Amino acid sequence: MTDLIRDLPRDDRPRERMFMHGPETLSDSELVAILLGSGMPGKNALQLSRELLRGGMARLRTRDPKQLEKIPGIGMAKIARVFAAFELSRRIMTGQPEDPPDFEASVIGRTLVSKYGHKRQEHFGAVFLDSRHRILKQREIYVGTVSNALVSTREIITTALSYNATAIVAYHNHPSGNPEASDDDVKFTKKLRHSLSFIDIELVDHLIIGAHRFHSMKEKGELDDKVA
């Protein structure tokens, strides 16, 4: 066999075959050769990968990296790439979750304006957060008439508990397009905040969605007063 993979016919080169026919068509030794990247004088990456795979892929995964480093042509950089690939595969297979995103009023607000800004009915929902204000779930809870949504604080609490939330951000749209808080909005928000406080769930904000912008009741200080 040739010392360099680039000296092989194009259809026999692992990277070229992967791009032309898909990674699923490659053998284990060809996939490992791509991870190795290069060989050594007298031995190309494909030959090195076959040497690594003596005993199979499962055995390679359990071998001591320090022992593998003793194989001529296999340095720590090559070993690191191979074992990084194993770890990525393990995380994918076990479904290890990524950290949930942090709540940012500006980001969520813009998203809600895009979704609800021109709705002709009132929609009420909430973003459910953990103790670090990371987003667990966003859910629409009610769709009302043009003028109002008949929102029950009990349903909001039940939903929050089902997600093990410790904080929520309420939101609803104004079909009129004007996002300023009405007297009813303020009264309802205070009632909701009071109800949530009994079960140690924080009402972080209430976002009101208009046609082109949103209104944060927290930023306007409309959450600070005592319950009416």
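User: Which residues touch the most other members of the largest nonpolar core?
Analyst: This is a predicted model, where local features need pLDDT of at least 70 and side-chain atom pairs count only at pLDDT 80 or more, while totals for chains, interfaces and linings use all residues. Residues are numbered from 1 along each chain as its sequence is written, and side-chain values use heavy atoms, with hydrogens and water left out. A nonpolar core is a set of buried Ala, Val, Leu, Ile, Met, Phe, Trp, Tyr and Cys residues joined through side-chain atoms within 4.5 Å; buried means under 20% relative accessible area, exposed over 50%, partly exposed in between (1.4 Å probe, protein chains only). The largest core has 19 residues, and those touching the most other members are Phe128, Ile156, Ile168, Leu192, Leu196 and Leu203.

User: Which element gives the most to this core?
Analyst: Elements are DSSP runs numbered from the N terminus: helices (H or I, at least four residues) and strands (E, at least two). Two or more core residues come from each of β1 (123-129), α8, β3, α9 and β4. With four residues, the top contributor is α9.

User: What is the strand order of the open sheet?
Analyst: Two strands pair if DSSP finds at least two bridges between them. Strands of a sheet pair through backbone hydrogen bonds, either parallel or antiparallel. Here the pairing is mixed, and the five strands run in the order β2-β1-β3-β4-β5.

User: Which strands stand at the edges?
Analyst: Each edge strand has a single partner, so one side of it is left without a neighbour in the sheet. The edge strands are β2 (135-143) and β5.

User: In β3, what is the bridge partner of phenylalanine 128?
Analyst: β1 pairs with β2 in the antiparallel sense over seven bridges. β1 and β3 are also antiparallel, over six bridges. There, phenylalanine 128 is partnered by isoleucine 168.

User: Which residue takes a positive phi in the hairpin of β1 and β2?
Analyst: This hairpin has five residues between the strands. The phi is near 60°, and the residue is histidine 133.

User: How far apart are the closest N and O atoms of aspartate 130 and arginine 134?
Analyst: The two form a salt bridge, meaning a side-chain nitrogen of Lys or Arg within 4 Å of a carboxyl oxygen of Asp or Glu. Aspartate 130 is buried at 11% relative accessibility, and arginine 134 is buried at 15%. Their closest N and O atoms lie at 2.8 Å.

User: How many residues apart in sequence are the parts that glutamate 180 and arginine 213 tie together?
Analyst: Their side chains meet in a salt bridge (3.0 Å, N to O). Glutamate 180 is partly exposed at 34%, as is arginine 213 at 44%. Glutamate 180 lies in the loop between β3 (167-173) and α9 (183-197), and arginine 213 in the loop between β4 (202-209) and β5 (214-216), so the separation in sequence is 33 residues.

User: Is leucine 161 buried or partly exposed?
Analyst: Leucine 161 sits in helix α8 (residues 153-162). With Phe198 and Ile199, Leu161 makes a nonpolar surface patch of about 310 Å²; patches take residues with over 30% relative accessible area and no salt bridge, joining like charges within 9 Å and nonpolar side chains (Val, Leu, Ile, Met, Phe, Trp, Tyr) within 5 Å. Areas come from the Shrake-Rupley method with a 1.4 Å probe, and for residues only the protein chains shown count as cover. At 47% relative accessibility, leucine 161 is partly exposed.
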